[in-house]
Each structure stands twice: as C-alpha cells, then as structure tokens.
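Grab a viewer and work through these exercises with the model open beside you. Try each task before you read its solution.

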Amino acid sequence: MKIACYTDIHNQQCMLNLPTVLRASAIQAAAQTVEEFGKVDLSILGGDYFSDYPYWNRSCALPKKNWQDIKQKLTDTFAKTAKGERVLYVSGNNDLLLADLPTPDNEPYNTCEFYSSGPMNQTLGELSDDECYKRYSKIKGKQAGFYYLAFHYVVDGVDFFGLNIDPDDAFNNHDCFFDYEALKWLKNKLNEVDPQGHKLLFVVGHNSFTVRTTDGEIQKSDFDEKRYQAIKDTFLGHKNLFYLYGHVHGQDYLRSASYEGILHFDKNGDIINHQNHESFRRTGTDVSFHTVHMGGLRPFKTDTPFEYFEKDGLVGQLPGMEGEQYYEATGTPKISQYLLIDTFDDRVVFSYRNAGSLAGFTVQDKPKSYTVYL
C-alpha cells in the first residue's frame with residue numbers, strides 16, 4: 001500500500017479573502033506525487049490548512065463562505081492524488097481558531113468538517129457509532145454540528161485512526177490538545193483491534209509528540225506532563241503503531257534523510273537510542289510504538305526578507321486592519337516537504353520529498369528512505 005502525507009499548508013491572511021488562494025506548495029506537492037508515483041492508495045492531510053485571519057494565536061471570525069471556498073480548492077486538489085479520491089483529514093489547532101467568533105453572515109461554525117459534508121463520508125465510508133467518538137462543542141453548541149474527535153477506518157486491510165483537537169480547548173488557545181475522552185476511546189479501540197500488540201496501525205493527529213529538529217536535537221513537545229503521559233498511555237504496547245503528526249514544520253524541522261523524521265519508543269515511553277540510519281529492526285529491542293513527522297508545506301517568515309519565501313506574496317486587507325498590506329508568508333515557500341509511506345507484510349518504508357527551491361531541498365533532492373521492519 002502506498003500512502004502520501006501532507007500537513008501544515010497554512011493558507012493564511014489575504015489568501016483567505018474571496019476568491020481564496022490555495023498555497024502553491026500544496027498544489028506542487030500534490031502534482032509531484034502523481035507525476036512520480038501515480039495515484040496513491042490513500043492520502044492523509046494532517047491539519048493547519050488555514051490560519052492567521054488576522055491572528056495566529058487567538059480566535060478569529062473567518063466568514064463561512066470563505067472557508068467553504070478554500071475547503072473546496074483544498075479537497076479538489078488532494079482528491080486527485082489518491083485512487084477513488086480517498087483522503088483522510090484531521091484538523092489542527094489553527095483551523096479551530098478561525099471560526100470561533102460570529103460574523104454578520106454566520107454563527108460560529110465547524111472548520112474541521114471533512115466528514116458529514118464530505119468528502120470522507122463519501123470516499124472512505126460512513127462511520128458507525130462504534131467506529132468514532134463524536135460530540136458537540138460546548139462553546140458553539142449543536143448549530144456547529146458534530147466534531148469527530150476520534151475515528152477508525154480500515155483501508156485496504158490496514159487500520160487508520162484519526163484524532164482531532166478538542167474544539168473547546170482551542171478557544172483563544174493556540175496550544176490546545178486532544179479530548180481526553182477521545183483518547184480513552186482510542187486506547188480501547190486500539191486494544192480491541194490489536195489485542196496482541198503486533199498489528200500494523202497508523203494513528204493520525206496534528207499535535208507533535210517528541211521530534212528531531214533540523215540540527216539533530218531531540219525536542220520534547222511543549223505539552224504539560226499530564227498531556228504527554230496521556231498520549232504515551234494511549235500508544236504503549238502496540239509495537240507496530242506509527243503516530244503520524246504535523247504541527248512543527250518549516251526551517252527548524254527539515255529532513256535531509258528520512259530516518260530523521262522517525263523516532264522509536266520503548267515500553268516506558270522513552271526514546272530508543274538507534275544509530276542505524278537506513279533501517280530499524282525491533283529484534284533485541286523493547287519497542288512499544290513509533291512516531292513519524294509528516295513534514296510541512298510552509299516555513300516561517302524571518303527577519304531576513306524572502307529568506308524562505310519567493311517574492312510572489314499577495315496584497316490584501318484583513319478584518320480590523322487599516323488598508324491593504326503585503327504579506328510575505330503568502331508567497332511560494334522555498335522549502336516544503338511531504339512524506340510517502342509504503343507498507344509491506346514485513347516492513348514499512350518512509351520517504352520524504354521536497355517541493356521547494358532552496359539549495360539542498362529542491363525537488364531533485366530526494367532524502368534516502370528509511371525502513372522499519374515489523
């Protein structure tokens with residue numbers, strides 16, 4: 001099975017004015033995938049599709065018609081990457097912040113809605129009540145519809161689980177987290193489908209866990225201990241579980257070789273010190289789960305103009321702002337990465353790809369693959 005993973009597109013600022021504009025790196029990554037591999041069996045999108053309208057760190061009021069326009073462009077683009085248009089979506093912290101506040105045209109709504117209104121219910125199938133954990137937002141109420149905070153699909157015989165962030169924890173809070181009841185549901189479901197702890201499982205969520213930076217430093221997530229422990233407790237004991245995440249991205253989290261994006265954890269939830277940069281075998285190691293960074297399609301703007309963006313950014317006016325401004329971060333990123341996964345009976349192979357122009361991270365620069373034996 002071949003899987004393509006994309007995350008952290010950040011269509012932002014005046015890209016979200018009508019008519020909306022889908023980020024160039026997303027369009028390029030989708031097209032490159034099909035050009036190199038043909039249509040994959042499943043594509044995964046890891047959240048933070050939209051942000052900064054106008055704020056990145058507190059609740060905003062993106063009109064629903066704008067969201068519907070950019071959602072359609074996003075889903076149309078990535079539907080082309082997968083057979084049967086099968087794309088699994090989870091949402092990120094920035095997505096949630098954008099529709100917390102009402103506008104003259106609409107009440108607060110659900111910007112994480114990729115199921116009930118499509119496309120997931122049509123392309124991946126309807127979820128029965130025992131295959132998902134859903135609830136209404138306490139803040140937005142029933143008018144915003146259900147939030148599918150955890151769910152389970154089987155695609156071509158492989159189990160995929162999605163985790164979405166608690167919409168109430170995200171209100172005016174950029175550093176939000178998963179719903180604890182959703183994590184309990186997920187833990188029980190993992191034990192149900194994998195009672196022996198050896199089955200291949202993919203869990204997809206936006207929030208990062210522990211990650212390796214561009215310079216090789218191991219960086220623990222900024223969760224408090226309670227949140228960190230909750231994720232560990234959910235995953236522990238599933239030796240072939242791979243947690244696919246985004247959230248951290250850009251120049252500080254680039255992959256020159258694919259091993260850099262994958263970490264292995266023991267029965268205590270501690271990182272296994274592994275020196276082989278080509279493959280991992282769990283023989284002789286007490287592995288309990290793995291984490292995999294999905295890359296990122298947008299870097300961060302720095303004090304050096306156009307260090308990581310081309311000079312093709314957009315000019316526009318955002319709510320509450322006086323006059324039009326030029327927004328550098330709406331330009332084409334010079335660095336962006338996405339991930340390909342190949343599954344076999346005895347192994348999983350991870351391969352990053354570039355969709356930028358910066359030296360060392362151009363389309364022609366293809367990081368060496370990394371194999372995890374099951």
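One definition first: a contact, or touch, means heavy atoms within 4.5 Å. This is a predicted model, where local features need pLDDT of at least 70, side-chain atom pairs count only at pLDDT 80 or more, and totals for chains, interfaces and linings use all residues. Residues are numbered from 1 along each chain as its sequence is written, and side-chain values use heavy atoms, with hydrogens and water left out.

**Exercise 1: the whole protein**

Task: work out what the secondary structure comes to, and how the radius of gyration sits against the globule rule.

Solution. Start with the count: the protein has 6 helices and 20 strands. Here helices (H or I, at least four residues) and strands (E, at least two) are DSSP runs, numbered from the N terminus. Next, the radius of gyration is 19 Å, close to the 21 Å that the globule rule gives for 374 residues, so the protein is as compact as a globular protein of that length. The radius is taken over C-alpha atoms, and the rule is 2.2 Å times the number of residues to the power 0.38. Along the principal axes, the C-alpha atoms fill a box of roughly 65 × 50 × 40 Å.

Then look at burial: 61% of the 374 residues count as buried. Buried means under 20% relative accessible area, exposed over 50%, and partly exposed in between (1.4 Å probe, protein chains only).

**Exercise 2: strand 18**

Task: say which residues point each way from strand 18, and which strands it joins.

Solution. First, the cover: 7 of the 7 residues of strand 18 (residues 337–343) are buried. Second, the directions. In a regular strand the side chains alternate between the two faces of the sheet. Here Q337, L339, I341 and T343 point one way, Y338, L340 and D342 point the other way, and all are buried.

Third, the partners. Two strands pair if DSSP finds at least two bridges between them. Strand 1 (residues 2–6) runs antiparallel to strand 18, with 4 bridges joining them, and A4 has L340 as its bridge partner. Strand 19 (residues 347–354) also pairs with strand 18 in the antiparallel sense, over 7 bridges, and Y338 stands opposite R353. A hairpin through 3 residues links strand 18 to strand 19.

**Exercise 3: strands 6, 7 and 8**

Task: find how many residues of strand 7 are buried, then trace its bridges.

Solution. Begin with strand 7 (residues 147–155): 8 of its 9 residues are buried, so it is largely enclosed by the rest of the structure. Strand 6 (residues 132–135) is antiparallel to strand 7, with 4 bridges, and K134 stands opposite Y148. Moving on, 6 bridges join strand 7 to strand 8 (residues 158–163), again antiparallel, with H152 bridged to F161. Strands 7 and 8 form a hairpin with 2 residues between them, and D156 in the turn has a positive phi of about 50°.

**Exercise 4: a loop residue**

Task: is T111 buried or exposed, and which residues does T111 touch?

Solution. Locate T111 in the loop between helix 3 (93–97) and helix 4 (120–123). T111 is buried, with a relative accessible area of 0%. Not counting residues up to four places away in sequence, T111 touches F50, W67, S91, D95, L96 and A99. For A82, the C-alpha to C-alpha distance from T111 is 23 Å, at 29 residues apart in sequence.
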